[in-house]
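Take a moment with the sequence and the model below.

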Amino acid sequence: MAEPLDNSKPRNSKTLSIPTGEGIIIDIGTGDGTFVYHCARLNPGKFVIGIDPNTRPLQKISEKIYRKPDKGGLPNALFLQAAVEDLPEELNGVADEIHVHFPWGNLLGALVGGDLNVLKGLRKICSDGALLEVVTGLDEDRDRTELERLGISDFSISHIKQVLTPLYLEAGFKITECGNLPPSHWPKLHTSWAKRLKHSSTRSLTYVVAEAI
C-alpha cells in the first residue's frame with residue numbers, strides 16, 4: 001500500500017501493496033513530500049503529485065525535484081498547494097491511486113468521521129477503479145486534545161466496518177480492506193511521520209483501502 005508495485009504482482013494487504021501498473025498517484029496532505037519523492041524515484045513510469053495547503057515544508061524538496069536527474073531531480077513529481085476541500089478541477093478523473101498517510105486536523109476528522117463532501121471530492125479526482133489508501137497512527141492519550149476537538153472517539157475496525165463503510169460507499173468508494181498493523185510496518189511507509197512515530201509503542205497503525213466505483 002505504501003509502495004506502488006509492478007502490476008504483475010498480486011495485491012497483498014499484508015504488505016500494503018497496491019499494484020496499478022503505470023498511472024498517476026496523488027498524495028493528499030503530503031507534508032514535507034518525502035513519500036512523493038520516494039515513490040517517484042522508485043516508479044519512473046508513474047507521475048506522482050503531492051498536495052498540501054501548507055507549502056513551507058515543501059520548499060527544499062520542491063527545489064530538489066527540478067534539478068537534473070543525476071543530481072536528484074525527478075521530472076515525474078509535482079507539488080500543488082490546495083486544501084482537500086477545494087481540489088483543482090484539472091485533477092478530476094486522473095488519479096489511479098490516492099494515498100493519505102497520517103492525516104491530522106480537519107483532514108483526519110473528515111476521513112475518520114466520513115465527511116461526504118471531502119470523500120466525494122476525493123472520488124471526483126479518481127479514475128474508475130482507483131484505489132484510496134488511508135493510514136493513521138493515533139495514540140488515544142497523546143492525541144486526546146485533537147481527537148476531542150475533532151469529535152473522534154473511535155477508529156476501530158468495527159467503526160470502519162459499521163460506520164465508515166456505508167458513508168464511503170455513498171461517496172463512491174467501496175472499502176475492500178481494513179486492519180491494524182504491527183510496529184514493524186512503520187519503516188515501509190516511507191514518510192517522515194512514520195520515522196518520527198515508529199518508536200511509540202502506544203500508537204495504533206490502522207489502514208483502510210477503498211476502491212472507486
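The largest nonpolar core has 38 residues, and Ile26, Ile28, Ile98, Leu122 and Tyr168 touch the most other members. Here a nonpolar core is a set of buried Ala, Val, Leu, Ile, Met, Phe, Trp, Tyr and Cys residues joined through side-chain atoms within 4.5 Å. Buried means under 20% relative accessible area, exposed means over 50%, and partly exposed lies in between (1.4 Å probe, protein chains only). Take Leu122. Leaving out residues up to four places away in sequence, Leu122 touches Ile28, Val84, Leu87, Ile98, Leu111, Leu132 and Phe173. A touch or contact means heavy atoms within 4.5 Å. There is also a second, separate core of 13 residues, with Ile25, Tyr37, Ile61 and Ile65 among them.

This is a predicted model: local features need pLDDT of at least 70, side-chain atom pairs count only at pLDDT 80 or more, and totals for chains, interfaces and linings use all residues. Residues are numbered from 1 along each chain as its sequence is written, and side-chain values use heavy atoms, with hydrogens and water left out.

Now step back to the whole chain. The protein chain has 7 helices and 7 strands. Helices (H or I, at least four residues) and strands (E, at least two) are DSSP runs, numbered from the N terminus. Along the sequence their order is β-α-β-α-β-β-α-α-β-α-α-β-α-β. Of the 213 residues in the protein chain, 50% are buried. Among contacts with a separation of 6 or more, 75% link residues 24 or more positions apart. The accessible surface is about 10800 Å², and carbon and sulfur atoms hold 49% of that surface. These areas come from the Shrake-Rupley method with a 1.4 Å probe; for residues, only the protein chains shown count as cover.

Start with the strands. E1 and E2 pair in the parallel sense over 5 bridges. Two strands pair if DSSP finds at least two bridges between them. Ile28, named above in the largest core, has Ile51 in E2 as its bridge partner. E1, H1 and E2 together make a right-handed β-α-β unit. Right-handed means that, with the strands pointing away from the viewer, the path from the first strand over the helix to the second runs clockwise.

On to the next pair. E2 and E3 also run parallel, joined by 5 bridges. From E2 the chain crosses through H2 to E3, and this β-α-β crossover is right-handed. Val48 stands opposite Ala77 in E3. Ile51 stands opposite Leu80 in E3. Why is E2 largely enclosed by the rest of the structure? Because 5 of the 6 residues of E2 are buried. In a regular strand the side chains alternate between the two faces of the sheet.

Next comes helix H1 (residues 34-42). Which of its residues are buried? They include Phe35, Val36, Tyr37, Cys39 and Ala40. Their cover includes strand E1 (24-28), strand E2 (47-52), helix H2 (59-65), strand E3 (77-81) and strand E4 (95-101).

Phe102 sits in the loop between E4 and helix H3 (105-113). Its phi is near 55°, a positive value in a residue other than glycine. Phe102 is buried, with a relative accessible area of 10%.

Glu146 lies in helix H5 (residues 144-150). Is Glu146 buried or exposed? Glu146 counts as buried, at 14% relative accessibility. Its side chain reaches the backbone nitrogen of Gly105 at 3.5 Å. Setting aside residues up to four places away in sequence, Glu146 touches Trp104 and Gly105.

Leu116 is found in helix H4 (residues 116-124), and Leu167 in helix H6 (residues 157-171). Leu116 is partly exposed, with a relative accessible area of 24%. Leu167 is partly exposed too, at 24% relative accessibility. Not counting residues up to four places away in sequence, Leu116 touches Leu167, Glu170 and Ala171. With the neighbours within four places set aside, Leu167 is in contact with Gly113, Gly114, Leu116 and Leu119. Leu116 and Glu170 are 54 residues apart in sequence and 7.7 Å apart in space, C-alpha to C-alpha. Leu167 and Asp115 are 52 residues apart in sequence and 7.9 Å apart in space, C-alpha to C-alpha.

Notes. Polar contact = N/O pair within 3.5 Å; in protein donor to acceptor, adjacent residues only side chain to side chain.
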